[in-house]
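Keep the picture open while you read.

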Amino acid sequence: MLEADAKNLALRSHLAELLCRAGRHEEALEQARLVLEQKPDDVACLGYAAVSAEALGQQERAASYFRLRDALSGASRGAQRAAAPTVTPPSLSLNPEEFE
């Protein structure tokens, strides 16, 4: 589907989110990069790129993406990490009720 509409930025952004949440950070970073080439002010993709770069050990790159995202969204320094997308796969989430 993406090949049929390669310029569908909304679809690429959503794919970057899903890949990021699944822990597939190299792929997520690539999809986010493709979106950001066309739409450099896409705050959500900047967040996915930041989280993915950080997970891949690319700290300087991650910091740059976080700074851009925060500047565009107006987020305060203390709130920047709280606003980052959650990347813990659902299968790893713990439900406290399971332990009762």
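## Starting at Leu 9

Leu 9 sits in helix 1. Before going further, keep in mind that this is a predicted model.

Who does Leu 9 touch? Setting aside neighbours within four places in sequence, Leu 9 is in contact with Val 35, Gln 38 and Lys 39. Now look for Asp 42: Leu 9 and Asp 42 are 33 residues apart in sequence, while their C-alpha atoms are 9.7 Å apart in space.

## The whole chain

Time to zoom out. The protein chain has four helices and zero strands, so read from the N terminus its elements run α-α-α-α.

How much of the chain is buried? Of the 100 residues in the protein chain, 32% are buried. As for contacts, take those in the protein chain with a separation of 6 or more: 45% of them come from residues 24 or more positions apart.

## Helix 1 up close

Helix 1 covers residues 9–21. Helix 1 has 13 residues, and from its first C-alpha to its last it reaches 18 Å, close to the 18 Å expected at 1.5 Å a residue.

Which residues of helix 1 are buried? They are Arg 12, Ser 13, Ala 16, Glu 17, Leu 19 and Cys 20. These buried residues of helix 1 pack against helix 2 and helix 3, and those two partners come up next.

## Helix 1 meets helix 2

Here's a handy bit of background: two packed helices are described by the angle between their axes and the distance between the axes. For helix 1 and helix 2, the axes come within 8 Å and cross at roughly 155 degrees. That makes helix 1 roughly antiparallel to helix 2, because angles over 145 degrees count that way. The crossing of helix 1 past helix 2 is left-handed.

On the helix 1 side, the meeting involves Leu 9, Arg 12, Ser 13, Leu 15, Ala 16, Leu 19 and Cys 20. Facing them from helix 2 are His 25, Glu 27, Ala 28, Gln 31, Ala 32, Leu 34, Val 35 and Gln 38. Sort the residues of this contact between helix 1 and helix 2 and you get nine nonpolar, four polar and two charged.

## Helix 1 meets helix 3

Now try helix 3, residues 43–55. Helix 1 and helix 3 pack at an angle of about 30 degrees, and their axes are 10 Å apart. Why is helix 1 called roughly parallel to helix 3? Because angles under 35 degrees count as roughly parallel, that is the label for helix 1 and helix 3. Helix 1 passes helix 3 in a left-handed crossing.

Helix 1 brings Ser 13, Ala 16, Glu 17 and Cys 20 to this contact, and helix 3 brings Cys 45, Tyr 48, Val 51 and Ser 52. The residues of the contact of helix 1 with helix 3 split into five nonpolar, two polar and one charged.

## Helix 2 meets helix 3

The remaining pairing here is helix 2 with helix 3. Helix 2 covers residues 25–38, and the axes of helix 2 and helix 3 come within 8 Å, crossing at roughly 145 degrees. The crossing of helix 2 and helix 3 is left-handed.

From helix 2, His 25, Ala 28, Leu 29, Ala 32, Val 35 and Leu 36 take part. They meet Cys 45, Leu 46, Ala 49, Val 51, Ser 52, Ala 53 and Ala 55 in helix 3. The residues of the contact of helix 2 with helix 3 come out as eleven nonpolar, two polar and no charged.

Go back to helix 1 and pick out Ser 13. Ser 13 has a relative accessible area of 12%, so it counts as buried. Leaving out neighbours within four places in sequence, Ser 13 touches Val 35, Asp 42, Cys 45 and Tyr 48.

Finish in helix 3, where you'll find Gly 47. Gly 47 is buried too, since its relative accessible area is 2%. Gly 47 and Cys 20 are 27 residues apart in sequence, and C-alpha to C-alpha they are 9.8 Å apart in space.

Notes
Residues numbered from 1 in each chain as written. Predicted model: local features only at pLDDT ≥ 70, side-chain atom pairs only at ≥ 80, totals over all residues. Heavy atoms only, no water. Axes fitted to C-alpha atoms, helices over the stretch in contact; angles between N-to-C directions. Helix = DSSP H or I, 4+ residues; strand = E, 2+ residues; numbered from the N terminus. Parallel < 35°, antiparallel > 145°, perpendicular 65-115°, else oblique. Left-handed = near helix turned anticlockwise from the far one by under 90°. Contact = heavy atoms within 4.5 Å. Nonpolar A, V, L, I, M, F, W, Y, C, P; charged D, E, K, R; others polar. Buried < 20%, exposed > 50% of the residue type's maximum accessible area, 1.4 Å probe, protein only. Expected span 1.5 Å × (residues − 1).
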